[in-house]
Amino acid sequence: ITVNPGLISAANSILSVSSASVSSGSSVTLTLTARDINNNNLTTGGSTVLFTRSGGTSTGSISGTTDNANGTYTATFTGIVSGSATTINATIDGNV
């Protein structure tokens, strides 16, 4: 018997940033590692992931999301205006 991961879970998926700070004009990589309800890593893609920012006085732009077809999704955040920290969020198939 082969046990396969279940459906993607927004609550268990992991959002990471390649660096906690970025200089204006520089970029960092945003990565969502998809996991199922039992915390199994997903090994395929196919979901719609959208990265957003909120809060803080610093600003930046977020590129479109790349589905790496291995359970990870990436985008690039480019810093524009310096200020207080902004929060990076991700939605998966419309769910936070």
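Q: On a 1 Å grid over the protein atoms alone, a pocket is an open set of points where a 1.4 Å probe fits, with protein on both sides within 12 Å along at least five of seven lines, and its lining residues have an atom within 4 Å of a point. Which residues lie nearest the centre of the largest pocket?
A: This is a predicted model, where local features need pLDDT of at least 70 and side-chain atom pairs count only at pLDDT 80 or more, while totals for chains, interfaces and linings use all residues. Residues are numbered from 1 along each chain as its sequence is written, and side-chain values use heavy atoms, leaving out hydrogens and water. The lining of the largest pocket counts 21 residues. Nearest its centre are A20, S21, V22, F77 and T86.

Q: How many strands does the protein have?
A: Strands are DSSP runs of E with at least two residues, and helices are runs of H or I with at least four, numbered from the N terminus. Read from that end, the elements go β-β-β-β-β-β-β. There are zero helices, and the number of strands is seven.

Q: Which residues touch the most other members of the largest nonpolar core?
A: A nonpolar core joins buried Ala, Val, Leu, Ile, Met, Phe, Trp, Tyr and Cys residues through side-chain atoms within 4.5 Å. The largest one has 13 residues, and the ones touching the most other members are L30, L32, V49, F51, Y73 and F77. Strands β2, β3, β6 and β7 (87–92) each supply at least two residues of this core. So, by that definition of a core, the names to look for in the structure are L30, L32, V49, F51, Y73 and F77.

Q: Why does T74 count as buried?
A: T74 sits in strand β6 (residues 72–81). Beyond its neighbours within four places in sequence, its contacts (heavy atoms within 4.5 Å) include T29, L30, T31 and F51. T74 counts as buried because its relative accessibility is 19%.

Q: Which side chain makes a polar contact with the side chain of T74?
A: A polar contact is a pair of N or O atoms within 3.5 Å; within protein, one must be able to donate a hydrogen and the other to accept it, and residues adjacent in sequence count only if both atoms are side-chain atoms. For T74, the distance is 3.5 Å. The partner is N68.

Q: Is S58 buried or exposed?
A: S58 is found in the loop between β3 and β4 (59–62). Leaving out residues up to four places away in sequence, S58 touches R53, V81, S82, G83, S84, A85 and T86. A polar atom of its side chain lies 2.7 Å from the backbone oxygen of S84. With a relative accessible area of 11%, S58 is buried.

Q: What distance separates the C-alpha atoms of N39 and S9?
A: N39 belongs to the loop between β2 (27–33) and β3 (49–54). At 40% relative accessibility, N39 counts as partly exposed. N39 and S9 are 30 residues apart along the chain, yet their C-alpha separation is 8.4 Å.

Technical notes
Buried < 20%, exposed > 50% of the residue type's maximum accessible area, 1.4 Å probe, protein only.
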